Every structure is written in structure tokens, then in C-alpha cells.
Amino acid sequence: MTDKLAELSAAGVALWLDDISRQRLVSGNLDELRRDKHVVGVTSNPTIFAKALAGADAYASQVTDLARRGVSLDEATRMITTYDVRWACDVLRPEYDASDGVDGRVSLEVDPRLAHETDKTVAEASALWWLVDRPNLFIKIPATPEGVPAITATLAEGISVNVTLIFGLERYAEVIDAFFAGLEQAKANGHDLSRLTSVASFFVSRVDTEVDKRLDAIGGPEADKLRATAAIANARLAYQLYEQKFASERWQALAAAGAKPQRPLWASTSTKDPNLRDTLYVEELVAPGVVNTAPEKTILAYADHGETRGDTITGNYADAQQVMESLTALGVDFDDVTAVLEREGVEKFEKSWQELLDSVSDQLGQAK
């Protein structure tokens, strides 16, 4: 029987699980996915943690201890989330060692309420890095206007970063430049660039959700033909930008000092439209040196019926550009699309963070 996930990995895609929970860790499920399903990384976010904690018995013992100590709500929440991330880092450590620090990474996000505060974001990134204390940790920082300089400052301290909530090419270019600047400062600060890595999380399915909503409002056969095309086209053009930026002399100087490239990471790759193939955003975004982070349902779907057709990105730049031009001609303001998605992304994570705080608060109260 063909190992479809092995074919995907061989085509250059690092497969990461977009989920974490204490139950996955206790049961050994995460290690099983690592061993049997080619999962070489883990991403988390406030929504994932809020869902994991809701009604989960696996957290009861730790919550009881935290309640007895009388710790603050924010501290209790960080103790719980960092415990899971530290454990996951240990589970993924074999992949980190085997890939010379490229994979085997686990991502932990800064408090989303700090998304528009640069200095506080950097301070929390440092605190989380110290608290987890694992070399294969990624600190997730959102690519808001205030988050971009925080990326540079955090990398300059020798802390590896997963840049999240990227939707448009203009912001992605800023993120890559922030990565270069961070490595340059890290080198000046005496850090080993070969140990300092980053990914840039470029969101996919949410783009189609927003654009298709606008196309439906426009109506007509031309609009119908463009449904479910924007996200893939946008991501493919992001990879083109990645290739251009990492062919520059600026990057070559960093690479000569031992730096590893900031890989594009395709996030939000489960399809939201039931009419679409459930493996669409994996199959159509295959190229050397990318990461695809997906929920277990999507990973298992690919293992069952995914189709790896080699590189599905680099030969399609002209078609991708034509899609974007056609959207503009129909009246879809893509700059507005990305602005809306960035704002909503931060708001959704803030809401999930509050849900997580509420859940921890309830459990602390019950444990007293």
C-alpha cells in the first residue's frame, strides 16, 4: 500500500499537526503521529488550547495544584499551556535532532491581547522561551504592524519565531525583511545563527472564505469561476516572493554565516467549503522547503486519498497572477480582504484567549 504521506514528505513538504492537548500527550497519540504519519512539528494557538482544556480530565491534577498554590489566573494559564508545549517538544525532539534543528518544532503563541504592543510582545516572548526551556520551541508572534518589529527584536535575542496571521504579499515581504534584520542583529549579539530558525505562517482557507463571500455578493458566471481560487493563487505568489527574497545578496551573506531560511508555512489548510476536496490545500501547495500544518482529520484524509503530483507551485505563477488580476477586475479589493482577515484573526484569538482564561478560572474555582 502506498504511503501517501511519505510521498508528500519526499516532495519537500514538512507536515506539522495543527493541534495539541494533554490527552494527545498522555495517550501517546502525538508520538504515534510522529512515528507513523510523518508528523514532524506541532502548532498551537489560543483556540486550540481553549478547546483542549474544556472538560478535559487530563488537566485536573495540575489545576488542583495551581489552585492550592493560589496562583493568578494568567500565571495558571501559562503554567498549563507551557507544560503541554514542553512535553510536546520532548516528544518531537528526535525530529529536531534528525533534521539539524529544522523540524521537530512546537509553537507557542504570545498572549494575543498584546498583538498591538511591540515591547510587551518581545518581553513575553522572552519569558515564554525561558519558561519552556527547550531548543525546539517556536514563539508565535502575529504579523500585525506592531508585531513585525517584535519579530526582529525577538530573533535578535536568539529566540526562534513562528510568524503567524500573514494574509497578504506586502505584509509577507515585511516579515521576511524583519527576519533578515533579526538574524543580522542576532549575529552581532553573538548568537549561533545555525540554531536560530523561523517559519512564516501564511494563511490559506480563510482567504477563500472571505473572497468567496464577496464573489457571491457580486454574482454572475465570472464570479462563480473564481470561487476557491484566491487562496491557492495568493499562496503561490507568496512562494514566488520567498524565492526572490532568498536569492538576494542580503540572504546569501546570512546563509554564509550559517543561517537557515525562514520557511513558508501554509496554515489554515483544512477546507471550510464542503464542496471542495478535503485535501485541496495540501495537494495544490507542494514545493521544496515548505511546511503544511493541518488538523489530524486533514492528515488522515491525505493518508487515505491524497495525491502528490510533485511541485504544484513554481510552474503556476503566471496563472496565479491572472487569478488575482481577475479578482481585481471584478471588484474584489484584495488589500481590504487581507486587512479584514488580519483584524478578524487577532479578534478571534483574543476571544479564544478569553475563553481559555474563563475555563481555567472555572476549574481553579472548582478545585479549591
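Author: Let's start with Val63, which counts as buried at 3% relative accessibility (buried is under 20% relative accessible area, exposed is over 50%, partly exposed is in between, with a 1.4 Å probe and protein chains only). Before going on: this is a predicted model, where local features need pLDDT of at least 70 and side-chain atom pairs count only at pLDDT 80 or more, while totals for chains, interfaces and linings use all residues. Residues are numbered from 1 along each chain as its sequence is written, and side-chain values use heavy atoms, with hydrogens and water left out.

Val63 sits in helix α5, residues 60-69 (helices are DSSP runs of H or I with at least four residues, strands are E runs of at least two, both numbered from the N terminus). Setting aside neighbours within four places in sequence, Val63 is in contact with Ile80, Gln363, Leu364 and Ala367 (contact means heavy atoms within 4.5 Å). Gln240 is another story: 177 residues from Val63 in sequence, with 47 Å between their C-alpha atoms.

Next comes helix α6, residues 73-98, whose axis comes within 10 Å of that of helix α3, residues 29-36, crossing at roughly 15 degrees (axes are lines fitted to C-alpha atoms, for helices over the stretch in contact, and angles run from 0 to 180 degrees between N-to-C directions). That angle makes α3 roughly parallel to α6 (under 35 degrees is roughly parallel, over 145 roughly antiparallel, 65 to 115 roughly perpendicular, and the rest oblique). From α3, Leu30, Asp31 and Arg34 make the contact, and from α6 Ala88, Val91, Leu92, Pro94 and Glu95 do. The α3/α6 crossing is right-handed (the near helix is turned clockwise from the far one by less than a right angle, and anticlockwise for left-handed).

Now the barrel: 8 strands close it in the order β1-β2-β3-β4-β5-β6-β7-β8, with parallel pairing (a pair needs at least two DSSP bridges). On average, neighbouring strands of this sheet are turned by 30 degrees against each other, ignoring direction. Strands β1 (residues 13-17) and β2 (residues 39-42) run parallel, joined by 2 bridges, and Leu17 faces Val42 of β2 there. β2 also runs parallel to β3, again through 2 bridges, with Gly41 opposite Arg105 of β3.

α7 (residues 118-132) covers β3 (105-109) and β4 (137-142), at about 160 degrees to β4. α7 also holds Ala123, which at 47% relative accessibility counts as partly exposed. α9 (residues 169-188) lies across β5 (161-166), β6 and β7, at about 175 degrees to β6. The axis of α9 also comes within 11 Å of that of α13 (residues 249-256), at roughly 40 degrees, so the two are oblique to each other. Their crossing is left-handed, and among the residues that meet are Phe180 of α9 and Trp251 of α13.

Finally, the core: Trp266 turns up again, with Val85, Tyr172, Val211 and Leu327, as the members touching the most others among the 122 residues of the largest nonpolar core (buried Ala, Val, Leu, Ile, Met, Phe, Trp, Tyr and Cys joined through side-chain atoms within 4.5 Å). Beyond its neighbours within four places in sequence, Leu327 is in contact with Val211, Leu215, Leu226, Ala230 and Val332.
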